[in-house]
Amino acid sequence: LVLLVPELTFLTGLSDLRKNSRMLKDVMWEMVQSPQQHYQRLTSLLRRIRDTPEASRELERWGLVLDTDIYRTQGHILPVERINLRHRSFLPAEDTGWHREVAKEAPITTVSFNSWLLVYPKRLQHLAKDLLGAMRSSSGAMGIQVGQPMVQELRDDRIESYVRSIQSSLGSQDKMQMLLCIIPSGRDDIYGAIKKLCCVQTPVPSQVINAQSLMGHPGKIRSVVQKVLLQINCKLGGQLWGVDIPL
């Protein structure tokens, strides 16, 4: 048994921050910074240490001297890789992202999913309707055919309800290509149960969507659905993009 003195301990981790979006945004703002911002903050800290007599005396006592600038060395920038889709190729932008391009073009190979199961609790039926609408409107430009799903609307969001419904539906169908579940926010227990069922007990490709990600303005939902379609295409054996690898 390890006893910790409260006055000498510090809270770590971000588990509770997810409930406070403002605080999480502030934390991410501090963490995700450009190299130039990192450099400015580090040199500012070094100058403050130099200009603070107490800090300087402490470093002298240790026999340490801090330069007021960081070490500089010669870097090498690699050439940008060309991304190949089915009908065209392009060079990604400086942020090395290319989600906008793949959402408007057909991937190298696509897999149509016509035999699939959609599971959601009754209180999230409006999100399920929005999800289906966004999938149909986004799939055409991406060259992916999305058929009408077999729908299971649950009376509640208990783990047992999800598991029983999925097992019953998979057992009554000869070949189900894909299972797509909408789960309430913050329910990692449901996610774990679905993945255990679909990866171990009754193997079938599965996609689980957090209800929180489907809430907001239509542009945000469309972006989420485009990423989901790309993930499903991969899980069913499709190929999204490629790069040139010379001999």
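These legends go with a set of close-up views of a predicted model. Residues are numbered from 1 along each chain as its sequence is written, and side-chain values use heavy atoms, with hydrogens and water left out. Because the model is predicted, local features need pLDDT of at least 70 and side-chain atom pairs count only at pLDDT 80 or more, while totals for chains, interfaces and linings use all residues.

View 1. Helices (H or I, at least four residues) and strands (E, at least two) are DSSP runs, numbered from the N terminus. The buried residues of α6 are S161, Y162, S165, I166, S169 and L170. They cover an arc of only 140° around the axis, which puts them on the same side of α6. That arc is taken from the directions from the helix axis to the C-beta atoms. As background, an α-helix has 3.6 residues a turn, so residues three or four places apart point the same way. Turn to the other side of α6 and you'll find R164 and G171 exposed. Buried means under 20% relative accessible area, exposed over 50%, and partly exposed in between (1.4 Å probe, protein chains only). The cover over the buried residues of α6 includes β3 (116-121), β4 (150-154), β5 (178-183) and α7 (188-201).

**View 2. S165, zoomed in on α6.** S165 sits in helix α6. With 9% relative accessibility, S165 counts as buried. Skip its neighbours within four places in sequence, and S165 is in contact with Q152 and L154. Contact means heavy atoms within 4.5 Å.

**View 3. L117 in strand β3.** L117 lies in β3 and is buried, with a relative accessible area of 0%. Not counting residues up to four places away in sequence, L117 touches M150, Q152, S169, M176, M178, L179 and L180. L117 and C181 are 64 residues apart in sequence, yet their C-alpha atoms are 8.2 Å apart in space.

**View 4. Helix α7 and what covers it.** The 14 residues of α7 reach 19 Å from first C-alpha to last, close to the 20 Å expected at 1.5 Å a residue. Buried in α7 are I190, A193, I194, K195, L197 and C198. Their cover includes α6, β5, β6 (206-210) and α8 (218-235).

**View 5. Where α2 meets α3.** Two packed helices are described by the angle between their axes and the distance between the axes. Helix α2 (residues 35-51) and helix α3 (residues 53-62) pack at about 85°, with their axes 5 Å apart. That makes α2 roughly perpendicular to α3. Axes are lines fitted to C-alpha atoms, for helices over the stretch in contact, and angles run from 0 to 180 degrees between N-to-C directions. Under 35 degrees counts as roughly parallel, over 145 as roughly antiparallel, 65 to 115 as roughly perpendicular and the rest as oblique. On the α2 side, I49, R50 and D51 meet P53, A55, S56 and L59 of α3. S56, leaving aside its neighbours within four places in sequence, is in contact with I49 and R50.

**View 6. K129 on helix α5.** K129 is found in α5, residues 125-139. At 65% relative accessibility, K129 counts as exposed. K129 and D26 are 103 residues apart in sequence and 33 Å apart in space, C-alpha to C-alpha.

Key
Expected span 1.5 Å × (residues − 1).
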